[in-house]
Amino acid sequence: LLHGAWEWGACAKLPLSRIACCGVRFVGRTPCAPGKLGALPVRSKEGHLFWPWRGAGIYWTCELAGARRLGFDLKLGDGWIYEKRCDCKTFEWVEPLYEYRKNIGGNAAGYPIKLGINALSGKLAQRKGNGAFNNLIWAGLITARTRAQLLEGIALASPGAIVMLATDALYSTEPLALPVGPWLGNWEEKE
């Protein structure tokens, strides 16, 4: 993000593969079943998050692609669109550190490295204290990309197969065609 530029513009015709933060109105194409979550979170005035079947908010484009795959109609308004102007690989140091952690053992010697990598998003979102690494754009993109990966998994499941979501986990009654493996960004499968 350091070597690019942000421009205010219309998001309606923007490919969702671009990085942008857009105002959106959304609605599910089919009636909401009791207990079924919507695809995009909305924060109440009291600060609580909920996932309605229809609503409006400001979202990163990676999440919008997942909402579309789940059958949500999106009406995109204006927003901030990022224009990349370099070939920099942001956070390129994370993957070698992850590989090093795996090589020395993830549950003992590598555990502090695991905690450090896991804390990356939180340090970027830090608003109290020093906040030396504060970057709400990166923190928001990391959170949005994680939610987008959950939406991708949900889209692969049969109706009713997803029984629970966690911050970075999906619990399903059936196997899902997700990229499973020991590499950073892949899913881990457990019985």
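**Notes on the predicted model**

1. Start with a pair you can find by eye: Trp-8 stands opposite Trp-80, the latter in strand 6. Strand 1 and strand 6 (residues 72–83) pair in the antiparallel sense over six bridges. Strands here are DSSP runs of E with at least two residues, helices are runs of H or I with at least four, and both are numbered from the N terminus; two strands count as paired if DSSP finds at least two bridges between them.

2. Before going on, some housekeeping. This is a predicted model, where local features need pLDDT of at least 70 and side-chain atom pairs count only at pLDDT 80 or more, while totals for chains, interfaces and linings use all residues. Residues are numbered from 1 along each chain as its sequence is written, and side-chain values use heavy atoms, with hydrogens and water left out.

3. The sheet itself is open, with four strands in the order 1-6-2-5 and antiparallel pairing. Strand 1 (5–10) and strand 5 (54–60) stand at the edges with a single partner strand each, so one side of each has no neighbour in the sheet. On average, neighbouring strands are turned by 20° against each other, direction ignored (axes are lines fitted to C-alpha atoms, for helices over the stretch in contact; angles run from 0 to 180 degrees between N-to-C directions).

4. Overall, the chain has five helices and eight strands. Reading from the N terminus, the elements go β-β-β-β-β-α-β-α-α-α-α-β-β.

5. Which residues touch the most other members of the largest nonpolar core? They are Val-24, Phe-26, Leu-40, Leu-64 and Leu-74, out of 20 residues in that core. Strand 2 (20–28), helix 1 (61–69) and strand 6 each supply at least two of its residues. A second, separate core has 13 residues, including Trp-60, Cys-62, Tyr-98 and Ala-144. (A nonpolar core is a set of buried Ala, Val, Leu, Ile, Met, Phe, Trp, Tyr and Cys residues joined through side-chain atoms within 4.5 Å; buried means under 20% relative accessible area, with a 1.4 Å probe and protein chains only.)

6. Phe-26 is worth a click. Setting aside neighbours within four places in sequence, Phe-26 has contacts (heavy atoms within 4.5 Å) that include Leu-40, Trp-53, Tyr-59, Phe-72 and Leu-74.

7. Now the whole-chain numbers. Buried residues make up 31% of the 191 residues. Among contacts between residues at least 6 apart in sequence, 58% join residues at least 24 apart. The C-alpha atoms fill a box of roughly 50 × 45 × 35 Å along the principal axes.

Methods
Buried means under 20% relative accessible area, exposed over 50%, partly exposed in between (1.4 Å probe, protein chains only).
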